[in-house]
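Welcome! Please take a moment to look over the sequence and the model, and then we can walk through some of the details together.

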Amino acid sequence: MHTFHRRLSVAALMVASLGLGACSDDTVAPPAATTSTISSGSNQTVLAGTAATAPLAIKVVDQNGAVMSGVSVTFAVASGGGSLSSTSATTDAGGIASTLYTAGATAGTASVTATVTGVAPVTFSIVVSARAATTATLQSGSGQTAAAGTAATSPFIVKVVDQTGAPLAGTMVSFVVTSGGGTLSAASATTDASGLATVNYTAGATVGTSVVTATVAGLAPLTFSTSIGAANVVTIVSGNSQTGAPGAAFAAPYTVRVAN
């Protein structure tokens, strides 16, 4: 009887040992972020100074290929300029974290990195295209009337916009009197933040129609037309009602203004 009990105890110990060994072998490592891949946003083209259409998004998975939520991702502009709506994001239930990119003012290629701790970073590449003058229109000055030899009331203004219809600053507009005479305050002007380039016009001495041409490189020229009227009103400017000694010159010259 005692021998039987000893044999049973030894067998029980062996079974228990095997059971412990089996439990040890079945231990599963907890999920950990091991891989991040670009989900959207790379290789898109963005107009300088505007927001990208597609967000910059990455997907994070664990060692078993299962998506991981709640993982912190850091985004940074690595080259080419521009800005991000957020420099950090947390993966959602689908393992996705994203940010929005706005291009800088310089055309070229920009890169943005996305980094997860312990995982190799991924890099988004974005092509930044230059803004260009696509349309120029007359904003002010054409069709007015000016007296011969006098300055026009309204300045000549041209508006320049880019391919999105947004005002384009820093574009040179050339102006030249092509017929009818007269002078301009400048031969060229650069568009301001509103896309406007402005010069002033003074009519020549000849009655008729004056034409001024405005040109933006690569675009069809524009023409301002001004009707030049006769100067038929004479107004005293200076010299009237002076007093002086006999034989001495008056202090002020006799000056008149002639207008229509």
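Asn-43 sits in the loop between β1 (33–40) and β2 (45–47); strands here are DSSP runs of E with at least two residues, numbered from the N terminus. Although Asn-43 is not a glycine, its phi is positive, at about 65 degrees. Most residues other than glycine have a negative phi. Is Asn-43 buried or exposed? With 62% relative accessibility, Asn-43 counts as exposed, because the cut-offs for relative accessible area are under 20% for buried, over 50% for exposed and partly exposed in between, with a 1.4 Å probe and protein chains only.

## About the model

This is a predicted model, where local features need pLDDT of at least 70 and side-chain atom pairs count only at pLDDT 80 or more, while totals for chains, interfaces and linings use all residues. Residues are numbered from 1 along each chain as its sequence is written, and side-chain values use heavy atoms, leaving out hydrogens and water.

## An open sheet of three strands

Now for the sheet: three strands, in the order β11-β13-β17, make up an open sheet with antiparallel pairing. Two strands count as paired if DSSP finds at least two bridges between them. The edges are β11 (135–140) and β17 (196–199); each has a single partner strand, so one side of each is left without a neighbour in the sheet. From one strand to the next, the twist averages 25 degrees, an angle between N-to-C directions of axes fitted to C-alpha atoms, on a scale from 0 to 180 degrees.

Strand β13 (residues 156–161) runs antiparallel to β17, and four bridges join them. Val-158 has Ala-197 in β17 as its bridge partner.

## Strands around β19

Strand β19 (residues 208–215) pairs with β14 (residues 172–179) in the antiparallel sense over five bridges.

Ala-214 has Leu-222 in β20 as its bridge partner. In the hairpin of β19 and β20, six residues lie between the strands, and Gly-218 takes a positive phi near 90 degrees.

## Two nonpolar cores

A nonpolar core is a set of buried Ala, Val, Leu, Ile, Met, Phe, Trp, Tyr and Cys residues joined through side-chain atoms within 4.5 Å. Which members of the largest core touch the most others? Among its 24 residues, they are Ile-58, Val-73, Tyr-101 and Phe-124. Two or more residues each come from β3 (56–62), β4 (72–79), β9 (108–115) and β10 (122–129), and β10 gives the most, with four. A second, separate core has 22 residues, including Ala-152, Val-160, Tyr-201 and Ile-228.
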